[in-house]
Amino acid sequence: MNLRNKLVLMAVNPNSSFIYWEITDKTVEEFGVDPKNIELLFKLFDEKHHEILEFDSNFALGDYYINHENNHKAIYLKLFLKVGGRLQHILSSNIIKTLDKTIKSSKHSSLIDDGISENLIYTSTLLGGR
């Protein structure tokens, strides 16, 4: 079995993205951290490497939806492990082009039309996700 660290970023709509990550116990142990007490920090950056937002997690395997402004051409994430009060960079995600808010969907797909409720988008994606 080939276990690898993963950090994936996917656009959901113009103002939100989905993040999936897997950090192996081996990676965490290499930094002298107990895998049961993992502390991760995620930072979202734009195409000019300006930090947009950050959030943390105690889970080595997880997924998360983030909301962000739609004034960036591209975004990416960096994942850090909290080690003794310091941040240790583990990996970076793929770079994604953010969706344009002016895009309108066709008659058969109304996911990003102005009229659809964001709660409906989140509910439908969460129910279909796992």
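The model is a predicted one, in which local features need pLDDT of at least 70 and side-chain atom pairs count only at pLDDT 80 or more, while totals for chains, interfaces and linings use all residues. Residues are numbered from 1 along each chain as its sequence is written, and side-chain values use heavy atoms, with hydrogens and water left out.

Two helices and eight strands make up the secondary structure of the protein chain; helices (H or I, at least four residues) and strands (E, at least two) are DSSP runs, numbered from the N terminus. Read from the N terminus, the order of elements is β-β-α-β-β-β-β-β-β-α. The chain has 130 residues, of which 35% count as buried. Here buried means under 20% relative accessible area, exposed over 50%, and partly exposed in between (1.4 Å probe, protein chains only). The accessible surface of the chain comes to about 8,400 Å², and carbon and sulfur atoms account for 52% of this area; the areas come from the Shrake-Rupley method with a 1.4 Å probe, and for residues only the protein chains shown count as cover.

Leaving aside residues up to four places away in sequence, Ile23 touches Asn5, Val28, Leu40, Ala60, Leu79, Ile90 and Leu91.

Five aromatic pairs are found in a search of the whole structure. Rings of Phe, Tyr and Trp (its six-membered ring) pair if their centres lie within 6.5 Å, and planes under 30 degrees apart count as stacked, over 60 as edge-to-face and the rest as tilted. Phe18 and Tyr65 form a tilted pair, because their ring centres are 5.0 Å apart and their planes stand at 55 degrees. Since Phe18 belongs to strand S2 and Tyr65 to strand S5 (residues 61-67), this pair ties together parts that are 47 residues apart in sequence. Phe18 is buried at 16% relative accessible area, whereas Tyr65, at 22%, is partly exposed. The pair of Phe45 and Tyr76 is stacked, with ring centres 5.5 Å apart and planes at 20 degrees. Phe45 lies in strand S3 and Tyr76 in strand S6, 31 residues apart, and the pair thus links distant parts of the chain. Phe45 and Tyr76 are both buried. Elsewhere, ring pairs join Trp21, Phe42, Phe55 and Tyr64 into a cluster.

Two lysines also meet aromatic rings. The charged end of Lys78 sits over the ring of Phe45, 5.5 Å from its centre, and that of Lys43 sits over the ring of Phe80 at 5.7 Å from its centre. For such a placement, NZ of Lys or CZ of Arg is within 6 Å of the ring centre and within 35 degrees of the ring normal.

Several loop residues are worth a visit. In the loop between S5 and S6 lies His68, which is buried with 7% relative accessible area. Its side chain makes a polar contact of 2.8 Å with the side chain of Ser17; a polar contact is a pair of N or O atoms within 3.5 Å, where within protein one must be able to donate a hydrogen and the other to accept it, and residues adjacent in sequence count only if both atoms are side-chain atoms. Ser93, in the loop between S7 and strand S8 (96-97), is likewise buried, at 11% relative accessibility, and its side chain reaches the backbone nitrogen of Leu77 at 2.8 Å.

By contrast, His49 is exposed at 56% relative accessibility and sits in the loop between S3 and strand S4 (51-57). The phi of His49 is positive, near 65 degrees. Most residues other than glycine have a negative phi.

Note on methods
Contact means heavy atoms within 4.5 Å.
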